[in-house]
Amino acid sequence: MKADAYASLRFPDFRRFLVGHFLASLGLQMQTVAVAWYLYERTDSPLALGAVGLAQVLPIILLTLPAGHLADRFDRKHLLMLTVALQCLVSIGLAVVAHANGAIPLLYLLLVLNGIARAVVAPARDALGPQLLPLDLLGNAATWRSGLFQLSSVLGPAGAGFIIGTYHSATPAFVLTAGTLALFTFLLLPIEPRAYAANAGRGMTWHTLMAGVHFIREQRILIATITLDLFAVLLGGATMLLPVFAKDILHVGPRGLGWLMAAPSIGAMIVAIPLARKPLQRAGPALLWAVAGFALATIAFGLSRSFTLSLILLALIGGFDMVSVVIRSTLMQVLTPDELRGRVGAINALFIGTSNELGGFESGVAAALLGPVRAVVYGGLGSMVVVAAVAKLWPEVRRFGALVER
């Protein structure tokens with residue numbers, strides 16, 4: 001009997017949650033482009049772009065694990081509504097700063113507040129979703145969430161580029177982002193999550209907090225995949241420098257920037273289709289080749305002077321990254337016991353968040369010292385070195401086979 005592809009969408013509460021999550025993701029993708037373009041227009045400094053990542057990653061580093069604990073102890077719906085409302089206020093503040101050409105330090109302060117909200121939003125949102133559906137539909141729900149997130153990652157940057165290019169201002173993009181976040185909060189109001197056994201009786205201790213760390217330390221294959229992702233993205237991430245390439249190298253303006261930032265998600269969506277239909281049988285080698293491809297495409301992007309070629313290369317970067325994401329996330333699910341999924345997942349999310357944001361900061365510093373082209377090219381070369389090192393230090397990665405439950 002053929003599975004119902006729309007099974008999870010038949011639950012009204014999940015539909016509201018999914019639509020709200022999509023709208024919020026769409027708005028936040030627009031906001032990312034708007035912040036980058038506005039800052040570079042004001043400062044002409046790649047280092048200022050890198051500082052965007054630093055401003056948001058520090059709260060994530062400090063608060064992610066405690067935020068996961070909060071999501072297990074308190075009402076997840078209300079916690080999510082509160083933190084999304086905070087993100088909405090941040091977007092309104094960014095609109096005011098952009099409209100008035102306010103002080104740059106104030107913009108960074110707002111980004112720090114956004115980082116605080118992001119640290120709490122992620123575990124609350126990811127824990128609330130399963131409370132809206134029967135457990136046997138979580139896989140179907142995850143497929144819809146992932147697909148709509150990738151769609152928002154295409155439409156958001158492209159939309160932001162169009163809006164900024166049309167109005168010659170980032171302010172409307174920030175206002176629209178605030179609107180999408182307000183809609184998410186509104187859509188959460190009627191939702192009635194299924195009750196769960198909250199961890200209200202026992203407070204957070206050092207032992208319970210570090211249980212996930214101890215588990216990952218004992219799983220060499222997990223350490224290898226996390227290390228590979230962390231350092232490859234840290235060194236090879238070129239996304240934060242895309243405003244520099246759009247304005248000064250490719251000369252395509254804000255609309256071109258929107259398409260440049262959307263291209264990796266387009267590549268990821270294309271690759272996701274065959275990955276869903278045919279699971280990888282030699283996951284370890286595929287992971288190493290995917291990260292190597294990511295590095296080579298990054299180097300080629302740094303050297304490209306063609307807008308079309310740059311779009312293709314960014315799509316390849318997104319496609320290779322999707323292979324890495326699927327393998328790493330599947331390994332996490334297969335190898336982690338149920339009682340540790342939250343804490344192990346929080347650690348994984350922490351590494352992903354820090355690699356992306358610190359990678360942006362590293363790219364900004366490198367571009368300020370070396371120039372944007374050399375920063376991207378040398379970063380790609382550094383990612384190649386990381387692939388070789390992981391293959392040497394963790395030979396089990398080269399031998400790892402099918403992604404099936406063991």
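The crossing of α1 and α6 is left-handed, left-handed being the case where the near helix is turned anticlockwise from the far one by less than a right angle, and right-handed the clockwise case. This is a predicted model, in which local features need pLDDT of at least 70 and side-chain atom pairs count only at pLDDT 80 or more, while totals for chains, interfaces and linings use all residues. Residues are numbered from 1 along each chain as its sequence is written, and side-chain values use heavy atoms, with hydrogens and water left out.

To stay with that pair, helix α1, residues 12-43, and helix α6, residues 171-188, pack at an angle of about 160° with their axes 8 Å apart. That makes α1 roughly antiparallel to α6, the term for angles over 145 degrees. In the contact of α1 with α6 there are 16 nonpolar residues, six polar and one charged.

Turning to the next partner, α1 packs with helix α2, residues 46-73, at an angle of about 145°, their axes being 8 Å apart, and the crossing of α1 and α2 is right-handed. Here Val35, Ala36, Leu39, Tyr40 and Thr43 of α1 meet Pro46, Ala48, Leu49 and Val52 of α2, where contact means heavy atoms within 4.5 Å. By class, that contact of α1 with α2 has eight nonpolar residues, one polar and no charged ones.

Finally, where does serine 152 lie? Serine 152 is in helix α5, residues 138-167, and is buried, with a relative accessible area of 0%, buried meaning under 20% with a 1.4 Å probe and protein chains only. Apart from neighbours within four places in sequence, serine 152 is in contact with Phe22, Ser25, Leu26, Gln29 and Pro157.

Note on methods
Axes fitted to C-alpha atoms, helices over the stretch in contact; angles between N-to-C directions. Helix = DSSP H or I, 4+ residues; strand = E, 2+ residues; numbered from the N terminus. Parallel < 35°, antiparallel > 145°, perpendicular 65-115°, else oblique. Nonpolar A, V, L, I, M, F, W, Y, C, P; charged D, E, K, R; others polar. Buried < 20%, exposed > 50% of the residue type's maximum accessible area, 1.4 Å probe, protein only.
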